[in-house]
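Thanks, everyone, for making the time this morning. I would like to walk you through one model, going from the inside of the protein to the ligand and then to a few details of the backbone.

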Amino acid sequence: MSDAKQRILSRLAEFRRNDVELPTPLATPTVYDDRLAQFRSVLEMVGGQLIVTRDANETRQAIERLEVVRDARRVLSYCPDLMASAEGLDEIHDPHDLADVDVTVAPGEFGVAENGAVWVCDPAIMHRVSLFLSQHLVLVIASGELFNNMHEAYHHIGRVDSPFGGFISGPSKTADIEQSLVIGAHGARSLNVVLVDR
Amino acid sequence: MEHATNANTFVANTERAHWHDQSLWFVRTKRDRMAQSLAEWEQLRAQASAIKGYTLAHLGELLEQFEREATARGAVVHWAETTEDHNRIVLELLQARGMTRVVKSKSMLTEECHLNPFLERHGVEVIDTDLGERIVQLRKEPPSHIVLPAIHIKKEEVGELFHEHLGTEQGATDPQYLTEAARQHLREKFLAAEAGLTGVNFAIAETGGIVVCTNEGNADLGVSLPKLHIACMGIEKLIPRLEDLGTFTRLLARSATGQPITTYTSHFHGPRDGGELHIILVDAGRSKIVGTKEFREALHCIRCGACMNTCPVYRRSGGHSYESTVPGPIGSVLGPLREPDKYHSLPFACSLCGSCTDVCPVKIPLHHQLLRFRRTLAETRKIPWTKRAGMKVMGWMFRRPWAYRWSGWLARRVMPWLPRFLVYNRLNPWGKQREMPEMPKRSFRELYQIERPK
Ligand code: SF4
């Protein structure tokens, strides 16, 4: 054991208290009658857009119709059945090679109604950097799954198996200059969420 | 220097002080709206406070559990007892790999350690990538707020700064345009970086993972391009279980900026393929605070900044007047806990209104701690003799009703006749910007004697 570790731990051992317990989970967190409506309104509030489709076909068309996709020179897709990538994903070895990607289409596992967030994780997304480096982002929630709040969301995640997982709520933003909101700080300039409502 | 002395310069510019006050109040009202949108807000706060209470009571074993789990996932965990240890570990990691270009996302801990100047002295370029932090870095000054580092700076000043450093058009003040320029400038830095440094918002003992929250996405870019990710955290950033994040992610952004959640809430469990993740656990005085009954709750802090936004003194005196890495109410507790000699004036930069305690998402009894601190500082003679002497006299008088009555009587008679220079001078700071109240003919006690129903 390193000396520093030993000293820190021995000090903390001195202050250990047995009479403090973990609280029980919150009994009744807020839930929504219409999760989809709530999800949409918060997502729009944080600068994102929601498109609801009924099946893979509609989803494919919806993605193709997006202005950012039509204007894109380079699209990276982690949803091969919905949108073709111009290049093989495993041919990319260095994340720096993704610097000029215009749009990334990636699967989102589920959404959260209370805050418009979408859970994304590897291995579904091979090069996580594209979520942040790409100019625009399209997330597809194929499961159509929406949870009410973050307690439900973490309960669903249960355990983490992959190195990266994250909630994304809206496009990248900052208000660091005089509190004026600017969309597109370092990450994606726009976020479209396509939710397949079966 | 004393907080009050520093604040003098800030309040001298009335217009600007007012603008600062209003900007922060705006953030506070956004927070209120978000907090009120959840019926269970108070329960959430109680929950968060209890989880942190448990964590501190069992911090040793939780840290060991965290280390085990993180190591099992391929991360390397380092222990730093002091801020110097921390800086040395970072430098060694970089030097061993021959790296000299680092991008950093917001981390109050690295500010506390003065990591940037240290690395720069050793030939490492450190770029702060949070827009607000980049602005203050270019201005060569510390952040004035822990969440809104550039809250004290006007867009005209950012325009000038960017004109000088990034070549934007002279006189440009449009935030959109200036942010775009910073985006382009920092993209180059991200792509050129050899290592990414981040702070940690939460570290999960159960899974060995760390969580980093940003709105800009700068932390994610900074650790997804270069191969090396160094995460620096105070040992109090721990939480026991993954499910506890449900509570904290609901509180953090709502309290900080009035958002339902930060744009990016990223969970890192071990390094990415072909990369390295190093996590530095920093004590720097924290384990000692765990042992203090009156102050240990200060370690619950999740650095949301809500206590600053609501504090009437902070809003009107600016973050720099505190001269500590963390300003505002929580900084006024943490500062003197670490260095009582340097920060003895901070617990007095407080009107004891209690607003900080009301908004704090982890229920730190901030204003009680500040009051408690005043006593400690008085007992250990860390406050100037004028204040101590004044309090002695007051204490003596309040214990003797006759002395109290007599001095009131005297003041009512004498004050109206005194020349101004005798009343308004250095010994009466109260009278600096205010007129003393007009002396009534009779005291309340006398009036009551006359008017009392017989
Ligand atoms: S003390 Fe409370 S309100 Fe202040 S920054 Fe920390 S968590 Fe936020």
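The largest nonpolar core in this predicted model has 70 residues, and the residues with the most contacts inside this core come from both chains, namely A:Leu131 and A:Leu139 together with B:Phe66, B:Ile210, B:Leu238, B:Ile279 and B:Leu281. The element that gives the most to this core is helix α4 of chain B, residues 59-72, which supplies five residues.

Let me turn to the ligand. It is surrounded by 13 residues, of which the closest are B:Cys301, B:Cys304, B:Gly305, B:Cys307 and B:Cys360. Sorted by class, this shell consists of 11 nonpolar residues, one polar residue and one charged residue.

Next comes a helix pair in chain B. Helix α16, residues 328-338, packs against helix α19, residues 366-379, at an angle of about 40°, with the two axes 9 Å apart, and the crossing of α16(B) and α19(B) is left-handed. On the α16(B) side the contact is made by B:Pro329, B:Ile330, B:Ser332, B:Val333, B:Pro336 and B:Leu337, which meet B:Leu366, B:Gln369, B:Leu370 and B:Phe373 of α19(B). By class, that contact has eight nonpolar and two polar residues, and no charged ones.

Finally, the backbone. Which peptide bond in chain A is cis? The bond from A:Asp122 to A:Pro123 is, with omega near 10°, and A:Pro123 sits in the loop between β5 (117-121) and α5 (130-133) of chain A.

There are also two residues that have a positive phi although neither is a glycine: A:Gln179, at about 60°, and B:Lys363, at about 55°. A:Gln179 is found in the loop between β9 (173-174) and β10 (182-183) of chain A, and because its relative accessibility is 15%, it counts as buried. B:Lys363 belongs to the loop between α18 (355-359) and α19 of chain B, and with a relative accessible area of 34% B:Lys363 is partly exposed.

Methods. Residues are numbered from 1 along each chain as its sequence is written. Chains are lettered from A and ligands numbered from 1 in the order in which they are written. This is a predicted model: local features need pLDDT of at least 70, side-chain atom pairs count only at pLDDT 80 or more; totals for chains, interfaces and linings use all residues. Side-chain values use heavy atoms; hydrogens and water are left out. A nonpolar core is a set of buried Ala, Val, Leu, Ile, Met, Phe, Trp, Tyr and Cys residues joined through side-chain atoms within 4.5 Å. Buried means under 20% relative accessible area, exposed over 50%, partly exposed in between (1.4 Å probe, protein chains only). Helices (H or I, at least four residues) and strands (E, at least two) are DSSP runs, numbered from the N terminus. A residue is near a molecule or strand if one of its heavy atoms lies within 4 Å of it. Ala, Val, Leu, Ile, Met, Phe, Trp, Tyr, Cys and Pro count as nonpolar, Asp, Glu, Lys and Arg as charged, and the others, Gly among them, as polar. Axes are lines fitted to C-alpha atoms, for helices over the stretch in contact, and angles run from 0 to 180 degrees between N-to-C directions. A crossing is left-handed if the near helix is turned anticlockwise from the far one by less than a right angle, and right-handed if clockwise. Contact means heavy atoms within 4.5 Å.
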